[in-house]
Amino acid sequence: MLQENASDADLWLLNSCTVKNPAEDHFRNSIKKAQEENKKIVLAGCVPQAQPRQDYLKGLSIIGVQQIDRVVEVVEETIKGHSVRLLGQKKDNGKRLGGAPLDLPKIRKNPLIEIISINTGCLNACTYCKTKHARGNLASYPIDELVDRAKQSFQEGVCEIWLTSEDTGAYGRDIGTSLPALLWKLVEVIPEGAMLRLGMTNPPYILEHLEEMAKILNHPRVYAFLHIPVQSASDTVLMEMKREYCVADFKRVVDFLKEKVPGITIATDIICGFPGETNQDFQETVKLVEEYKFPSLFINQFYPRPGTPAAKMEQVPAQVKKQRTKDLSRVFHSYNPYDHKVGERQQVLVTEESFDSKFYVAHNRFYEQVLVPKNPTFMGKMVEVDIYESGKHFMKGQPVSDAKVYTPSISKPLAKGEVSGLTEEFRSRLGNHLTSTSRPSATIRRGSASSRMVLRLQRLHQDCALRMSVGLALFALLCAFFVKVYN
Ligand code: SF4
């Protein structure tokens with residue numbers, strides 16, 4: 001049984017991110033807290049995958065990044081008092097696979113948004129990156145599996161799909177296909193009223209596909225939005241980072257897309273104070289931000305990650321790193337990217353509630369955030385609004401008086417917390433089981449991931465009947481999919 005409150009759970013399943021030191025410190029603190037509260041513990045994510053022998057992980061169960069479909073087994077064994085470690089890689093005929101099957105049952109954080117990881121790993125070896133240690137080389141999911149997952153999501157009422165990975169631009173190079181090939185297949189199955197958002201892509205691999213990418217980003221059901229991390233505008237620093245591109249490459253990608261996809265949003269990342277970064281290097285980065293005025297910019301102060309080549313390089317003094325981070329933040333806050341949009345009429349897709357619970361959050365065609373009044377009929381729908389106010393990170397929109405909520409050809413969404421990916425047959429079997437506690441029928445097929453998971457869920461339930469109450473505190477299970485890597 002999943003518990004809302006972590007302290008009510010018998011077992012904590014702790015996910016982790018290895019991108020930055022603070023994220024790992026948070027993970028370490030969560031483990032300590034779980035131990036103090038005498039919880040059983042299962043660890044997941046990139047930290048234990050990259051370095052399972054660290055002292056503070058000793059004796060604890062670990063589930064590897066490619067093994068998440070076996071989480072129920074690991075939980076069951078841990079509850080029994082065993083320590084289990086599943087860290088292997090999934091292979092088919094010696095070839096590395098993308099990871100766990102895509103048709104696994106799951107509970108979406110937001111029932112309107114499906115997040116699909118299209119590949120794991122990447123083709124680079126950036127000198128500051130620890131993620132690579134955990135995720136390894138590129139392994140892409142086949143196009144048909146990804147398209148099936150998207151179709152299923154739309155049948156379950158999803159209205160927005162996010163494609164993610166360490167580098168979506170590299171997608172398919174290991175299996176003889178490409179990102180544009182995948183995207184053309186995906187747009188065929190996106191129903192009216194739903195949108196696709198592309199994830200992060202590094203400059204090197206996308207350079208080859210610029211023409212096609214521009215066409216796709218102009219598609220009415222694809223957000224004109226791309227996240228391209230530049231990290232630094234100094235070629236010397238980029239070389240030290242082993243990023244495999246130079247600033248001119250980045251500019252070529254951005255300039256081309258801005259010309260061919262009018263109004264496109266380009267988001268980027270910058271690391272301040274990478275080892276060896278001189279003041280002149282940093283000023284080049286400042287100039288790039290002043291020139292392009294990125295509406296969305298992730299500024300990261302450099303932290304050396306243990307075990308990476310960058311950790312052994314001569315470091316920029318902490319005070320200097322801090323000052324540069326501050327200076328760049330000041331430049332970023334010196335412009336308002338949305339002021340000129342006040343007065344525009346826009347169509348927006350409403351998908352969630354704002355943090356302060358005062359508005360609903362929607363996005364326009366350029367994936368710019370538009371806050372709209374909290375009218376429950378808007379949720380999951382396209383609405384036409386007049387922009388009447390703008391801030392640094394948002395606009396506010398008033399629905400036009402005669403506007404009808406655009407009802408797309410999408411099914412009713414799953415309820416919050418409802419399991420996705422179960423067929424009707426398994427859904428009803430699970431329902432029956434939960435009310436009767438009868439043993440699973442021998443006629444249940446064991447082939448699909450859904451059925452395997454259902455059988456495990458059923459076993460788990462029987463354990464519950466024996467008063468082995470299992471609580472899984474999913475502290476950061478979804479976080480890893482949202483925390484962007486240090487690209
Ligand atoms: S920073 Fe991104 S592209 Fe570079 S090695 Fe790490 S995961 Fe790969």
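Gln231 is placed in the loop between strand S13 (225-227) and helix H9 (235-241), where helices (H or I, at least four residues) and strands (E, at least two) are DSSP runs numbered from the N terminus. The model is a predicted one, in which local features need pLDDT of at least 70 and side-chain atom pairs count only at pLDDT 80 or more, whereas totals for chains, interfaces and linings use all residues. Residues are numbered from 1 along each chain as its sequence is written, and side-chain values use heavy atoms, with hydrogens and water left out.

The phi angle of Gln231 is near 75°, a positive value in a residue other than glycine. With a relative accessible area of 1%, Gln231 is buried, a class that requires under 20% relative accessible area, while exposed means over 50% and partly exposed lies in between (1.4 Å probe, protein chains only). A positive phi, of about 45°, also occurs at Lys293, although this residue is not a glycine. Lys293 belongs to the loop between helix H11 (279-292) and strand S15 (296-301) and is partly exposed, its relative accessible area being 44%. For context, most residues other than glycine have a negative phi.

Regarding the chain as a whole, 15 helices and 22 strands are assigned, and 55% of the 487 residues count as buried. Of the contacts (heavy atoms within 4.5 Å) in the chain with a separation of 6 or more, 73% are accounted for by residues 24 or more positions apart.

Charged side chains were examined next. Side chains of opposite charge can pair when their charged atoms come close. With a salt bridge defined as a side-chain nitrogen of Lys or Arg within 4 Å of a carboxyl oxygen of Asp or Glu, the count comes to 18 salt bridges. In one of these, Asp55 is paired with Lys58, the closest N and O atoms being 3.1 Å apart; Asp55 is exposed at a relative accessible area of 61%, and Lys58 is likewise classed as exposed, at 59%. Arg108 and Glu114 form a salt bridge with an N to O distance of 2.6 Å, and here both partners are buried, Arg108 having a relative accessibility of 7% and Glu114 one of 0%. A further salt bridge joins the side chains of Glu208 and Arg173 (3.2 Å, N to O). Because Glu208 lies in the loop between helix H7 (203-206) and helix H8 (210-217) and Arg173 in the loop between strand S11 (160-164) and helix H6 (179-189), this pair ties together parts that are 35 residues apart in sequence. Glu208 counts as exposed at 54% relative accessibility, and Arg173 as partly exposed at 38%. Salt bridges that share partners, in turn, join Lys106, Arg108, Glu114, Arg149 and Glu156 into one network.

When residues up to four places away in sequence are not counted, Ser420 touches Leu104, Pro105, Lys106, Arg108, Arg149, Glu156 and Leu414.

The loop between strand S6 (95-96) and strand S7 (106-107) holds Asp103, which is partly exposed at 33% relative accessibility. Together with Asp144, Glu145 and Asp148, Asp103 gathers in a patch of negative charge on the surface. Such patches are made of residues with over 30% relative accessible area and no salt bridge, like charges being joined within 9 Å and nonpolar side chains (Val, Leu, Ile, Met, Phe, Trp, Tyr) within 5 Å. Lys and Arg count as positive and Asp and Glu as negative, with His and the chain ends not counted, and the place of a charge is taken as NZ of Lys, CZ of Arg, CG of Asp or CD of Glu. Pro101 is found in the loop between S6 and S7 as well and is partly exposed, with a relative accessible area of 26%; its C-alpha atom is separated by 9.4 Å from that of Gln66, 35 residues apart along the chain.

Helix H6 contributes the buried residues Leu179, Pro180, Leu182, Leu183, Leu186, Val187 and Val189. The cover over these buried residues of H6 includes helix H5 (143-155), S11, strand S12 (195-197), H7 and H8.

Notes: Areas by Shrake-Rupley, 256 points an atom, 1.4 Å probe, with all protein chains shown as cover.
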